[in-house]
Amino acid sequence: MTDLPPVFTTLESEVRGYCRTWPTVFDQARGSRVYDADGRSWVDFFAGAGALNYGHNNPRMKRPLLAYLERDGLTHALDMATQAKQAFLETFDEVVLKPRALDYKVQFPGPTGTNAVEAALKLARKVTGREAVVGFTNAFHGMTLGALAVTGNSMKRAGAGIPLVHATPMPYDNYLGGRTPDFLWFESLLEDSGSGLNKPAAVIVETVQGEGGINVARAEWLRGLAELCKRHDILLIVDDVQMGCGRTGPFFSFEAAGITPDIVCLSKSISGYGLPMAVTLFRRELDVWSPGEHNGTFRGYNPAFVTATAALDYWRDDALEKDVFASGEQIGRVLGDLVDEFAGLGAEQRGVGLVRGLTFEDPDTADRISAEAFRRGLLVETSGPRGEVVKLMPPLTIAQDELDEGLDLFTSAVRAAAR
Ligand code: PMP
């Protein structure tokens, strides 16, 4: 893009920061709207890549956060017991785990999604005494060495020189157009002692690949995967960092398939306020950690516990889940019309709940749409191995008039960019 504000030159060339090339300097945000320093505003269909499911500066979380800071509530506490941590754990148990009959232990592995994944991989290897982990084509699990090793994107691995160490790549659901009998070939390799395939400790999967291009796994496929893992005593890790906390409708994205993973990774929207926080959940009997074996200075950030506890109030009834379905259907209808209008350009839509995507035969169309949307007042990002999918991910709490406005802006951006 041209005419980048001077801050881009400063950040990129002098301090080696990296900016998304939306050519403005953002300053404030409320609900589903983001403002720049000159007061220009955008409807936010990016939502911090899933970290802002409840919108920006949501007053239901902001009020208790401000009150906590005002009374000098402890901010940094590592793994000390605090009231804020206790309140989160009790509320999480009451609102999320108990109603779903889930008996998970809750670990705070560090501030980010990648930390949740690292803890999950380490735990699976320690529990089973095996090394290999199966990951999927186009998967994204994070940027540290372990998480990167199961990330099915060679561009992201190549710069860091990370091969799929101790990892076995497997095609994701529908990767081969549904032509292969799903897990048959993999199961034969597991059972054939001469195949050379080391039995893996775990399989790590996203129910919907967010960074990988909004690839939705079918419920039957996920059930098949869970059964295969059970038959072979392999742990199933669901990385719900992006799709959890209601993005697909229910609190956990795997609920729709009726599976119960052995280990679950959460981050992004778990704090409810865009604050760094991550959680690794695992079946009680998998707790083989020795004290201090997986630690980190910024796990257990108390302001995040405060907002996370308040955010769980959204899940005390199922109203938000219904909103997600209704708004998701509305986006699906608009995308359906665009797919019809641009059938000649190979337009296709994907997605579920409030994570939707639109793609065209020409992979560059997605970037053009994102740039056109920005000009019109809408933030949308791209995803997929070639950035070929425009990703629509508004906050789950988006108001009806903002959703309508965002979709009108999106439609006009597609009409201007698709050719
Ligand atoms: N897993 C998934 C599925 C993700 O989408 C992401 C972030 N895009 C991560 C892990 C890594 O999370 P973080 O960037 O917070 O480390």
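Which residues in α12 meet which residues in α13? The model in which this is answered is predicted, with local features needing pLDDT of at least 70 and side-chain atom pairs counting only at pLDDT 80 or more, while totals for chains, interfaces and linings use all residues. Residues are numbered from 1 along each chain as its sequence is written.

On the α12 side, the contact is made by T365, R368, I369, E372, A373 and R376, and on the α13 side by L409, F410, S412, A413, V414, A416 and A417. Two residues are in contact if their C-beta atoms, placed from the backbone, lie within 7 Å. By class, this contact holds eight nonpolar, two polar and three charged residues. Ala, Val, Leu, Ile, Met, Phe, Trp, Tyr, Cys and Pro count as nonpolar, Asp, Glu, Lys and Arg as charged, and the others, Gly among them, as polar. Helices (H or I, at least four residues) and strands (E, at least two) are DSSP runs, numbered from the N terminus.

Helix α12 covers residues 365–376 and helix α13 residues 400–417; their axes come within 8 Å and cross at roughly 130 degrees. Axes are lines fitted to C-alpha atoms, for helices over the stretch in contact, and angles run from 0 to 180 degrees between N-to-C directions. The two helices α12 and α13 are therefore oblique to each other. Angles under 35 degrees count as roughly parallel, over 145 as roughly antiparallel, 65 to 115 as roughly perpendicular and the rest as oblique. The crossing of α12 with α13 is right-handed. A crossing is left-handed if the near helix is turned anticlockwise from the far one by less than a right angle, and right-handed if clockwise.

Helix α13 also meets α11. The axes of this pair, α11 and α13, come within 11 Å and cross at roughly 20 degrees, which makes α11 roughly parallel to α13. Here too α11 passes α13 in a right-handed crossing. From α11, the residues S327, Q330, I331, V334 and L338 meet L403, L407, T411 and V414 of α13.

At the level of domains, the assignment (automatic or from a database) gives domain 1 as 6–58 + 318–417 and domain 2 as 73–315. Taken over C-alpha atoms, the centres of domain 1 and domain 2 are separated by 26 Å. In the contact between them, 26 residues of domain 1 touch 25 residues of domain 2. On the side of domain 1 that touches domain 2, two or more residues each come from α2 (47–50), α11 (319–341), β13 (348–352), β14 (355–359) and β17 (389–392). The largest share of that side, four residues, is given by α11.

Another helix pair is α4 (residues 83–97) and α10 (residues 302–311), which pack at an angle of about 35 degrees with their axes 8 Å apart. The crossing of α4 and α10 is left-handed.

Of the 15 residues around the ligand, T112, G113, T114, V241 and Q242 come nearest; a residue is near a molecule if its C-beta atom, placed from the backbone, lies within 6 Å of it. Helix α5 (residues 113–128) gives the most to this shell, with three residues. The shell around the ligand divides into four nonpolar, eight polar and three charged residues.
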